[in-house]
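Reader: Please take one part of this model and describe it closely. I would like the cut-offs stated along with the values.

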Amino acid sequence: MRTLTEHQDAALALAAPLPPVEVGLADALGLVAAQDVVADAPLPRWDNSAMDGFAVRAADVEPASPDTPVTLRVLDDAPAGAPSSATVEPGTAIRIMTGAPLPAGADAVVPVEQTDAVFPQVTPTVRIRAGVPRAMHVRRAGEDARPGDVVVARGTLIGAPQVGAVASVGRDRLSVHRRPRVAVVATGDELVAPGEPPAHGQLPDSNSWLLAAAVREAGADPVRLGPLPDDPDALLGALARLDDDPTIDAVVTSGGVSAGAFDVVKAALAGTGVEFVAVAVQPGKPQGLGRLPAGTPLFALPGNPVSVYTSFEVFVRPALLRMRGVDVADVRRTEVVATTDDGWRSPAGRAQLMPVRFVAPDRVRRATDGGSGSHLATRLALVEGLAVVPADVDEVAAGDVLRVLRVRT
Ligand SMILES: Nc1nc2c(c(=O)[nH]1)N[C@H]1C(S)=C(S)[C@@H](COP(=O)(O)OP(=O)(O)OC[C@H]3O[C@@H](n4cnc5c(N)ncnc54)[C@H](O)[C@@H]3O)O[C@H]1N2
Ligand code: MOO
């Protein structure tokens, strides 16, 4: 049997960052920068005021105090966006607002609170009640970024602060890795669409909905198909169409990969570039992995709903993140160490991925209170983490300390 880590490595090896595309700022959120975004001018562009007040020469106001105020003649007004072209000469000041360029001759700003001025009134003179040292309340040109500085590095996931940083250097477009489009295919004659009444022996297809949502949560666009019947020819035809579609970057199937007499995915893909292996993990032992004939990566996951979920988490999600351009070191879930409040059995010789919920930041319980069965689909609604029980442990006891992959934050 293949180890969990070996199969994770094999799954990740199918993925490479998708080619870069240029997008506008409105479409960049959640994508990964494919090139550095570089400042081409200093930021701020010019020395400017950090306060609403008066631009002065520090030497003029140095002796000012509440008892010995210094009176300056107000030459001009400098609101943000309408710089003053006047020069501050000895004995003068320019009324200035936050963000306005510092006028020539001035080397400091006195906040309005340290004067007798009452904004918005305009007065010909101002009494300054406190001295300020040179450069006080002045934001220097280039102190945020200098020309050539990288403001968003290649490989960075674009969130709101990064969108702001790109816009602040005056760029409205950037190069990002394309968002993967991932086809999700459920197989099984027993499946009906959620909302349709199931006959005896039938059940709602939950996997394709879970997978489509998981694909979206992983930052990719899902294309949901099926459920398809247990007919290898029909499945092969559907997979061939997906493989030939240049907009589809990966295919994920559910079901039909174990040892049954009607295991359609295995039957359809036997002898192709997809290999079917047993992985030493529970749930999720039977797995298919490889490339369709035209090269599209295919992840064939087992049909049990909990197996589908845990398999997506540890095998498919990291590969999709890699396609998005996320660094290999960052494609896995954050791991925490937690003590379990309950105990359970784990299969000897197989690692176990136990769905858990957090009862405290460092304490977990099973999400599936009824047991560890991979059919307990509704219990998944409680999952916040996957506790990883090592392959050489066959019993977990309350009080044991486990590694837990945080799947919900
Ligand atoms: N003789 C053996 N039998 C089984 C083995 C084995 O090694 N030898 N492995 C077991 C394990 S472990 C798993 S996991 C399952 C995997 O089976 P398949 O991938 O072939 O999946 P199916 O048989 O198609 O379905 C399994 C189970 O899941 C339900 N299912 C399937 N698709 C959906 C869906 N879209 N939505 C909701 N539920 C779904 C299906 O009805 C079955 O109950 O095999 C074991 N057997
Ligand atoms: O490994 Mo199966 O995936 O136990 O349910």
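Author: Helices (H or I, at least four residues) and strands (E, at least two) are DSSP runs, numbered from the N terminus. Phe 312 lies in helix H7, which covers residues 305–323. The model is predicted, so local features need pLDDT of at least 70 and side-chain atom pairs count only at pLDDT 80 or more, while totals for chains, interfaces and linings use all residues. Residues are numbered from 1 along each chain as its sequence is written, chains are lettered from A and ligands numbered from 1 in the order in which they are written, and side-chain values use heavy atoms, with hydrogens and water left out.

Phe 312 counts as buried because its relative accessibility is 1%; buried means under 20% relative accessible area, exposed over 50%, and partly exposed in between (1.4 Å probe, protein chains only). Contact means heavy atoms within 4.5 Å. Leaving aside neighbours within four places in sequence, the contacts of Phe 312 include Leu 211, Ala 214, Val 215 and Ala 218. Leu 301, Arg 317, Pro 318 and Leu 320 are also in contact with Phe 312. The C-alpha atoms of Phe 312 and Leu 210 are separated by 9.8 Å, and the two residues are 102 residues apart along the chain.

Ser 175 can be described in the same terms. Ser 175 sits in strand S11, residues 173–177, and is buried, with a relative accessible area of 8%. Not counting residues up to four places away in sequence, Ser 175 touches Pro 20, Val 21, Glu 22, Val 32, Ala 33, Ala 34 and Gln 35.
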